[in-house]
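Let's work through a few exercises on ring contacts together. Have the model open, and try each task before reading its solution.

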Amino acid sequence: MKILIDTYGADAGAQPIIDGTVKALEKRDFTPVFIGNDREIKLLIHDRIKNYEIIPTNEFVSNDEDPVRAIRKKKDASIVLAYEKSKEEGYDGVISAGSTGALLAGGLFLAGRIPGIKRACLAASIPSVNDEITLLMDTGANMDCKAEFLYEFALMGKVYLENVMNITNPKIGLLNVGVEEHKGNTLTKETYNLLKESNMNFTGNIEARDLLTGKVNVIVADGFDGNIAIKTTEGVLKTFASELKNIIYSSAKNKIAGAILKNDIKSLANKFSPDEVGGAPLLGVKSYVYKAHGNTNELAFSNAILGLINYIEMNVIEKIEGELNGN
């Protein structure tokens, strides 16, 4: 298996990309195909990887560029080269920590959408207090949506969870301002009706305060609301962790209590750490694509690669096509 790895776009540069790849190779066998500055990549690898390929380029799409225009004009940009290479036999998936907009634009214009799917979306896995698996869809790929797009997000999330996570008949919820059927704006009301009439296991509306409770397996939202929801949650968790640390170190008595609870606190922190997931699949395009966090580190990028490999091995794209065709 060959994985195309965009070395541009991470906040900390190419270092966590290479280190994360080395860490992923400790668990799974694959051939990394790095796209980026040839000299830098070789220096960072430093003989730690035996079999790899490099597609050299010094061009990339930054977060402040118009993604569609950049994808069309920058033919040697790393993400463009990754998508083009993914069309060739033997190259199985693409991963990038770079511009979400560029990743989406490349998926739509270079890889192409799955027939019957109008919008691709990012399916971010979020932790829950009861250890239930929950996907939030979308988390930033589509800022403006129609009800039919959200319906597709729910369908793709269902297929992904059934095949990659082995969840039978996953529960679907719609992110809204209240649990009552009549609540929400025009988009959520129209989406509610579509999901209610579907054969999916739609359980109704879910409020943002229940994001981490594990009440449903798929939370459907447009990219604007979904992105705000997940970033608010990440911010609250980081703030809580920081405040807890301050409390523990505020007195000798608290330090003793912290030492007693050290393992439990560490376990809780790991449970709600975004590094444990590392990224999200871009569902709806004809290539297997994974978006890693922009602030990725070695652990997070390693887990993102492992997630992409699982996504590929379960033939999710083909199964989404089968679901759309009634097979």
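Tyr8 has 15% relative accessibility and therefore counts as buried (under 20% relative accessible area is buried, over 50% exposed, in between partly exposed, with a 1.4 Å probe and protein chains only). This is a predicted model, in which local features need pLDDT of at least 70 and side-chain atom pairs pLDDT 80 or more, while totals for chains, interfaces and linings use all residues. Residues are numbered from 1 along each chain as its sequence is written, and side-chain values use heavy atoms, leaving out hydrogens and water.

**Exercise 1.** Classify Phe60 by its relative accessibility.

*Solution.* Take the value for Phe60, 35%. Phe60 therefore counts as partly exposed.

**Exercise 2.** Classify the pair of Tyr160 and Tyr311, and locate both residues.

*Solution.* Start with the geometry: the ring centres are 5.7 Å apart and the planes meet at 65°, so this pair is edge-to-face (rings of Phe, Tyr and Trp, the latter by its six-membered ring, pair with centres within 6.5 Å; planes under 30 degrees apart are stacked, over 60 edge-to-face, the rest tilted). Next, place the residues: Tyr160 is in helix α6 (residues 147-164) and Tyr311 in helix α11 (residues 298-313), so the pair ties together parts 151 residues apart in sequence (helices are DSSP runs of H or I with at least four residues, strands runs of E with at least two, numbered from the N terminus). Finally, both Tyr160 and Tyr311 are buried.
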